[in-house]
Amino acid sequence: MQWHEKYGPWALVTGASSGLGAEFVEQLAARGVNVVLVARREQQMAALADGVRRNHGVMTRVVPADLTGRDACRHVGDRTGDLEIGLLVNNAGFGLSGAYTDLDLDRMVNMTVLNCVVPVLLTNHYLPLMLDRGRGGLIFLASTAAYQATPYLAVYGATKAFNLLMGESLWKEYRMRGIDSLALSPGFTKTEFTSVAHMKDASGFREATPGAVVALALKKLGRKPSVIHGLANKMLNFTGRLIPRRAAIAVTSAMLKGRTLS
């Protein structure tokens with residue numbers, strides 16, 4: 001079975017207006033998969049959708065939605081009820097940096113909803129339909145922050161650990177029923193993340209390109225339960241397993257404390 005046949009004819013990408021989400025749209029369209037774009041910024045998604053239709057000859061559907069809103073995920077399901085969604089990319093999310101008590105509670109709650117609750121609701125809608133067809137795929141955006149405690153990114157890191165474990169768990173539960181699940185863990189990537197999270201830019205760190213991160217995810221989907229992008233990130237994760245947990249927390253704290261602008 002060809003890639004686009006297994007994970008098509010439609011993919012749904014959340015957070016599709018920029019960054020990794022926009023790159024997922026581009027690369028999926030290049031593979032011949034029609035794409036539903038979901039995010040708040042309708043104008044950016046419309047321009048992207050026009051481009052991939054012209055360049056790759058696929059169909060698109062733009063669904064503007066603030067996924068943290070009441071019944072927003074149900075609205076997305078209703079807007080795609082006539083489509084066969086063969087791949088769900090749970091990409092939408094954002095981070096907040098700073099000491100826990102310095103951060104706005106409403107923003108932290110919204111981040112937790114978008115990063116964790118929304119993937120649960122969308123997966124709950126689309127996974128049973130994939131199971132009925134006996135094929136499909138799920139991608140959960142985790143992070144290198146998912147593998148250890150992240151002082152000064154405490155809630156964000158916890159949400160990414162949620163996605164890591166959910167993606168890996170569903171890989172085990174459903175891989176024998178034709179459904180592939182992958183948790184994708186990038187490190188610093190050239191996106192809007194640091195500005196939204198109110199962090200200093202990633203100077204001093206080697207930033208990945210969205211293209212490289214997404215290409216890795218699409219390559220490893222169906223082959224592994226999870227993947228970390230970048231050799232240095234893989235080595236840091238491996239080293240963190242060898243030292244005492246307290247030491248790993250101290251190292252991560254030292255790396256992150258000076259990067260917050262809060």
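## Helices on the sheet

Helix α2 lies across β1 (10-14), β2 (34-39), β4, β5 and β6 (179-185), and runs at about 170° to β1. Helix α8, residues 210-220, also packs on the sheet. The strands touched by α8 are β5, β6 and β7, and the direction of α8 makes about 150° with that of β6. The model described here is predicted.

## The sheet

The sheet is open and has seven strands, in the order β3-β2-β1-β4-β5-β6-β7, with parallel pairing. The edges are formed by β3 (60-64) and β7. Each of these two has a single partner strand, so one side of each is left without a neighbour in the sheet. From one strand to the next, the twist averages 15°.

## From β4 through β5 to β6

Strand β4 (residues 85-90) pairs with strand β5 (residues 136-141) in the parallel sense, over four bridges. Leu87 has Gly137 of β5 as its bridge partner. On the β6 side, β5 is joined to β6 by six bridges, and these two strands run parallel as well. Here Gly137 stands opposite Asp180 in β6.

How many of the residues of β6 are buried? Seven of its seven residues are, and the strand is mostly covered. Ile179, Ser181, Ala183 and Ser185 point one way from β6, while Asp180, Leu182 and Leu184 point the other way. Residues pointing either way are buried.

## Helices α2 and α3

Two packed helices are described by the angle between their axes and the distance between the axes. For helix α2 (residues 19-30) and helix α3 (residues 42-56), the angle is about 20° and the axes are 10 Å apart. Angles under 35 degrees count as roughly parallel, and α2 and α3 are therefore roughly parallel to each other. Their crossing is right-handed.

Which residues make the contact? From α2 come Ala22, Val25, Glu26, Ala29 and Ala30, and from α3 come Leu48, Val52 and His56. By type, the residues of this contact divide into six nonpolar, one polar and one charged.

## His229

His229 lies in the loop between β7 (226-228) and α9 (231-242). Is His229 buried or exposed? Its relative accessible area is 17%. Buried means under 20%, so His229 is buried.

Leaving aside neighbours within four places in sequence, His229 is in contact with Ser185, Pro186, Ala208, Ala212, Val213 and Leu216. One of these, Ser185, is among the buried residues of β6.

Note on methods
Residues numbered from 1 in each chain as written. Predicted model: local features only at pLDDT ≥ 70, side-chain atom pairs only at ≥ 80, totals over all residues. Heavy atoms only, no water. Axes fitted to C-alpha atoms, helices over the stretch in contact; angles between N-to-C directions. Parallel < 35°, antiparallel > 145°, perpendicular 65-115°, else oblique. Left-handed = near helix turned anticlockwise from the far one by under 90°. Contact = heavy atoms within 4.5 Å. Nonpolar A, V, L, I, M, F, W, Y, C, P; charged D, E, K, R; others polar. Buried < 20%, exposed > 50% of the residue type's maximum accessible area, 1.4 Å probe, protein only. Pairing = 2+ DSSP bridges.
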